[in-house]
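Hi everyone, thanks for making the time this morning. I'd like to walk you through a model, so please have the viewer open.

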Protein chains: 2
Amino acid sequence: MRRTKPETSPRSAVDGGLHQSVARIDLVMGVLAANAEHGVRLMDVCRETGLSKTAAHRLLHGLAAYRLADFDERSSRYFVGYKIFGWASGAGNRFGLLRMAGPSLARLADRFGDAVYLLVRNGDEAVCVELVAGAFPIKTLALRVGDRRPLGIGAGALAMLSALSDPVVERILKDGAKNRASFAISDLDLRSLIRKTRSQGYALVDGAVIRGIATLGLPLLLDDGAPIAAISLSTTQDRLRPPRRQEIADAIRAEIAGISREFELGLTASNAAALVRSSVG
Amino acid sequence: MRRTKPETSPRSAVDGGLHQSVARIDLVMGVLAANAEHGVRLMDVCRETGLSKTAAHRLLHGLAAYRLADFDERSSRYFVGYKIFGWASGAGNRFGLLRMAGPSLARLADRFGDAVYLLVRNGDEAVCVELVAGAFPIKTLALRVGDRRPLGIGAGALAMLSALSDPVVERILKDGAKNRASFAISDLDLRSLIRKTRSQGYALVDGAVIRGIATLGLPLLLDDGAPIAAISLSTTQDRLRPPRRQEIADAIRAEIAGISREFELGLTASNAAALVRSSVG
DNA sequence: TCTGTGAGTTCTGTTAAACGGAACATAGAT
DNA sequence: ATCTATGTTCCGTTTAACAGAACTCACAGA
């Protein structure tokens, strides 16, 4: 009796058999997203995912049928479907945070001319949920919408980490060491940054994550002190020297105060907790 | 022998059996996205999708395992996962369009102070791919990123429709009649708007789609005349009267000329065709 | 404190949706 | 014109997903 060889079975490459359908869709969409600009052909997907030609073909057609992917017949290339936008626009607005913070971001970007970010805590990571580029000609976009960073990497994520209690900080440092490896910031540096952040009341990362770019961020705290989000601003290092630095920190703090007032009004305690810990897993 | 009743089997409710896994994921993610602000509980998903408790449970856990959904344990609510952002940011940049058009949008929003949109043609619809809000205090956001409109509804979509040949326009009007039903614009109105758009060289929708808001748009054409995208600006009706109106149209036209020059350089003929017709289905 | 209700989770046997491989078709390159 | 690589269709097999039932848990009202 011929048995299916278990060796390089694509299913095991993904998940071990559980949630295969989600696993494969995630896998394929990931490939589409990674090559979104020029699209991918069937065999590209096979190569990158290890799926059989048949499986990839069927899956891609299914995705296209539901507009999760777009297919161009002439070039026979697949793209991430625009339908994803609809999902994403909802995702950013969890608990209406984006709706409430949006005007603040715009005001800050407008006043200082630099790029302003809204980051949300998601487990031990920070996700960039919105970004408003300012008018200043030198664009210093440190993050794009959707980018993830371990807590502690970048001013917004550092602001959130610093707002957590020491035991939690220690746990996060321990669990996330591997994820921070690609950033040239040692745990020692990080601890000293946290101390500095706590003492000065805002997080400043001056060229450490991206050369030449400085970012400054403050956390949005619930009344129990839990950080759920952060607003940060990035610019060139010379535009973030002391006098202006303090001015920016104060402006962000003022905006955050307004948001957090509005935010807590529409929030029950359980909802708040939900936001903080959403998907700690 | 007890047979599974075929009657209201959820699988048939979705697709008829083909691509069930994609169908259900699409279905569930759609529900999550529709209730993104407050999240949904397991039974909400069951109710809204018709899925069995078990199926919904398994699927949601699978989605959460891959971070396509986020689950909050305390409130036991599911949310659209932030991972979707990663996919979406790729989606907007098909063929690098967003990268090339981004600076133009920012310049326009900056100069006029109003909201500026980038729309892409996707089959017989237009999708809003990017939006830059201007500094003017009255915000007139006619679209959000990810919104879809039938071609012809809204200035950008009207600009693209008007750039198509008459036979194509007729086909789109015929096929899409139902989708336009919710907008108070008759086909007769639409034909006259198309004529007007063609003669004046830009599309203007003055309060017809949203009361009090006027939008003005121009298409981005390939050298063979096919419209692939549009840039539009929305503001209050009184801010879009004749002298300013012409100024805005000229400014958008100039930006589009720049984009399309850059765009065609990086585009082979087949790629261009791909973009135009992506997912006509 | 007890009890009833509704939500969420786990278990189990069954089934059909998805599977891989092979054959077939098509397009591009040489 | 031939060859190679890519894309599509077919088909018998199988395993991942299925529905239902039983279970736990939390909470509300008596």
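First, the ground rules. This is a predicted model, in which local features need pLDDT of at least 70 and side-chain atom pairs count only at pLDDT 80 or more, while totals for chains, interfaces and linings use all residues. Residues are numbered from 1 along each chain as its sequence is written, and chains are lettered from A and ligands numbered from 1 in the order in which they are written.

Let's begin with chain A. How many helices and strands are there in chain A? There are 12 helices and 8 strands; here helices (H or I, at least four residues) and strands (E, at least two) are DSSP runs, numbered from the N terminus. Chain A has 281 residues, and 50% of them are buried. By buried I mean that 20 or more other C-beta atoms lie within 10 Å of the residue's own; exposed means 12 or fewer, partly exposed is in between, and the C-beta atoms are placed from the backbone. Of the contacts in chain A between residues at least 6 apart in sequence, 58% join residues at least 24 apart. Two residues are in contact if their C-beta atoms, placed from the backbone, lie within 7 Å.

Now find the sheet in chain A. Its 6 strands form an open sheet with antiparallel pairing, in the order S5-S4-S3-S8-S7-S6; strands pair if DSSP finds at least two bridges between them. Strand S5 (148-150) and strand S6 (203-206) of chain A are at the edges with a single partner strand each, so one side of each has no neighbour in the sheet. On average, neighbouring strands of this sheet are turned by 30 degrees against each other, direction ignored. For angles, axes are lines fitted to C-alpha atoms, for helices over the stretch in contact, and values run from 0 to 180 degrees between N-to-C directions.

Helix H6 (residues 97-112) of chain A packs on that sheet, touching strand S3 (115-122), strand S4 (125-132) and strand S8 (227-236), and its direction makes about 150 degrees with that of S3(A).

Stay with S8(A) for a moment. Is it mostly covered or uncovered? Covered: 9 of its 10 residues are buried. S8(A) pairs with S3(A) over 6 bridges in the antiparallel sense, and S7(A) pairs with S8(A), also antiparallel, over 9 bridges. A:Ser234 in S8(A) stands opposite A:Ala115, and A:Thr215 stands opposite A:Ser234 too. A:Thr215, in S7(A), is also the bridge partner of A:Val205. In the hairpin of S7(A) and S8(A), with 5 residues between the strands, A:Gly225 takes a positive phi near 90 degrees.

Next, how the two chains sit together. Chain A can be laid on chain B with an RMSD of 0.1 Å by a turn of 179 degrees and a shift of 0.0 Å along the axis. The two copies are thus related as by a two-fold rotation axis. That superposition is by least squares on the C-alpha atoms of residues with pLDDT of at least 70 in both.

The contact takes 54 residues from chain A and 54 residues from chain B. On the chain A side, H5(A) gives the most, with 8 residues. By class, that side has 28 nonpolar, 16 polar and 10 charged residues. For the classes, Ala, Val, Leu, Ile, Met, Phe, Trp, Tyr, Cys and Pro count as nonpolar, Asp, Glu, Lys and Arg as charged, and the others, Gly among them, as polar. The copies meet through the same surface, because 100% of the interface residues of chain A are also interface residues in chain B.

On to DNA strand C. Which residues are closest to DNA strand C? They are A:Ala55, B:Gln20, B:Ser21, B:Arg41 and B:Leu42, out of 22 that surround it. Near here means that a residue's C-beta atom, placed from the backbone, lies within 6 Å of the strand. H4(A) gives the most to this surface, with 4 residues, and the surface divides into 6 nonpolar, 11 polar and 5 charged residues.

Last stop, chain B. Helix H7 (residues 155-162) of chain B has 8 of its 8 residues buried, and H7(B) runs at about 40 degrees to S7(B). B:Arg253 lies in helix H11 (residues 242-265) and counts as partly exposed, because it has 13 C-beta neighbours inside 10 Å.
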